[in-house]
Amino acid sequence: MADDDEEAPPPCTWKKEREKVFNEDGEEEEADPDDELPDAERDENGVPIGKGIMFYSNGDRFEGTVIAGGIRAGPAKYTFKNGASYEGGYKENVKDGPAGKFVYPDKSSYEGCWVADKKTGEGVYKYASGDVYKGSWSNDCKQGQGSYFFKASKSTFMGEWAKGHFVKGEWILKDGTIFKGTFKNNNPLEGTFTFAKTGNVVCGKFDKKGFFVENTPC
């Protein structure tokens with residue numbers, strides 16, 4: 001199961017947020033960590049409702065608002081026991097909104113649009129490796145226009161993505177050389193190299209061994 005998948009809520013305790021207390025100088029006083037939080041509101045059936053902090057028996061924690069039926073709604077923060085966290089909007093109990101941030105256990109992160117619990121719309125994914133993707137998403141996959149920066153090689157894919165793969169656009173190398181063409185499984189297929197140092201333009205395609213075979217004329 002993916003780290004950002006939330007299972008059916010386990011048994012929980014439902015508490016109010018701690019009220020802030022200020023001294024005569026208007027400075028916030030530090031709360032006593034040993035003071036137990038008061039219980040938050042529940043409906044006539046004992047189901048949490050309103051705003052509060054939900055402590056789950058599995059170690060997860062939800063801070064935000066629940067509506068009738070115990071459904072998460074509106075801005076909130078969900079912290080997982082494994083170190084992952086989500087801060088953003090909820091709708092119908094799942095992640096939904098234009099500006100939600102999910103941080104994964106390996107400290108990689110996605111910040112952007114969510115629809116029905118999926119990365120959909122514009123967003124930025126920062127990988128633990130240092131790679132960065134900025135662009136469009138659909139149903140948790142890179143889809144549409146976007147750029148992917150490879151930290152190790154200092155190169156960038158910029159162009160069209162489909163079902164998570166780069167399919168058409170520019171591969172910009174560290175020295176400024178650009179390959180423009182088509183791609184399959186994130187590997188270049190056929191197109192044009194424009195070399196930064198010489199300005200030479202070479203057309204061709206990559207063979208099965210990954211070697212570029214020049215076509216003439218270009």
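Of the 218 residues in the protein chain, 32% are buried. The model is a predicted one. The accessible surface of the protein chain amounts to about 13,500 Å², and carbon and sulfur atoms account for 51% of this surface. The protein chain contains 17 strands and zero helices. Among contacts between residues at least 6 apart in sequence, 15% join residues that are at least 24 apart.

Two hairpins follow one another in the part of the chain that holds strands E2, E3 and E4. Strand E2 covers residues 50-56 and strand E3 covers residues 61-67; the two pair in the antiparallel sense over six bridges. Within this pairing, lysine 51 stands opposite threonine 65 of E3. Four residues lie between the strands of the E2 and E3 hairpin, and glycine 59 in this hairpin takes a positive phi near 100 degrees. Strand E3 is also joined by six bridges to strand E4 (residues 71-79), again in an antiparallel arrangement. Here threonine 65 stands opposite alanine 73 in E4. The hairpin of E3 and E4 has three residues between its strands, and glycine 69 in the turn has a positive phi of about 90 degrees.

The largest nonpolar core has 27 residues. Those with the most contacts inside this core are Met54, Phe62, Tyr78, Tyr90, Phe102, Phe157 and Trp161. The elements that give two or more residues to the core are E2, E3, E4, E5, E8, E10 (132-138), E12 and E14 (178-184). In soluble globular proteins, nonpolar side chains tend to be buried together.

The count of aromatic pairs comes to 34. One of them is formed by tyrosine 86 and tryptophan 114, which are arranged edge-to-face, with 5.6 Å from centre to centre and 80 degrees between the planes. This pair links distant parts of the chain: tyrosine 86 lies in strand E5 (residues 85-91) and tryptophan 114 in strand E8 (residues 109-115), 28 residues apart. Both tyrosine 86 and tryptophan 114 are buried. Phenylalanine 157 and tryptophan 171 form another pair, which is edge-to-face because the planes of the rings stand at 75 degrees, with the centres 6.3 Å apart. This pair also links distant parts of the chain, with phenylalanine 157 in strand E12 (residues 155-162) and tryptophan 171 in strand E13 (residues 165-172), 14 residues apart. Phenylalanine 157 has a relative accessible area of 5% and is therefore buried, whereas tryptophan 171, with a relative accessible area of 22%, is partly exposed.

Charged side chains also sit over aromatic rings. The charged end of arginine 72 lies over the ring of phenylalanine 62, 5.7 Å from the ring centre. Lysine 95 lies over the face of tyrosine 86, at 5.8 Å from the centre of that ring.

Threonine 156 is placed in strand E12. With a relative accessible area of 16%, threonine 156 counts as buried, because the cut-off for buried residues is under 20%. Leaving aside residues up to four places away in sequence, threonine 156 touches Ser147, Tyr148, Phe149, Glu170, Trp171 and Ile172.

How values were computed:
Residues are numbered from 1 along each chain as its sequence is written. This is a predicted model: local features need pLDDT of at least 70, side-chain atom pairs count only at pLDDT 80 or more; totals for chains, interfaces and linings use all residues. Side-chain values use heavy atoms; hydrogens and water are left out. Two strands pair if DSSP finds at least two bridges between them. Rings of Phe, Tyr and Trp (its six-membered ring) pair if their centres lie within 6.5 Å; planes under 30 degrees apart count as stacked, over 60 as edge-to-face and the rest as tilted. Buried means under 20% relative accessible area, exposed over 50%, partly exposed in between (1.4 Å probe, protein chains only). A charge sits over a ring if NZ of Lys or CZ of Arg is within 6 Å of the ring centre and within 35 degrees of the ring normal. A nonpolar core is a set of buried Ala, Val, Leu, Ile, Met, Phe, Trp, Tyr and Cys residues joined through side-chain atoms within 4.5 Å. Contact means heavy atoms within 4.5 Å. Accessible areas come from the Shrake-Rupley method with a 1.4 Å probe; for residues, only the protein chains shown count as cover.
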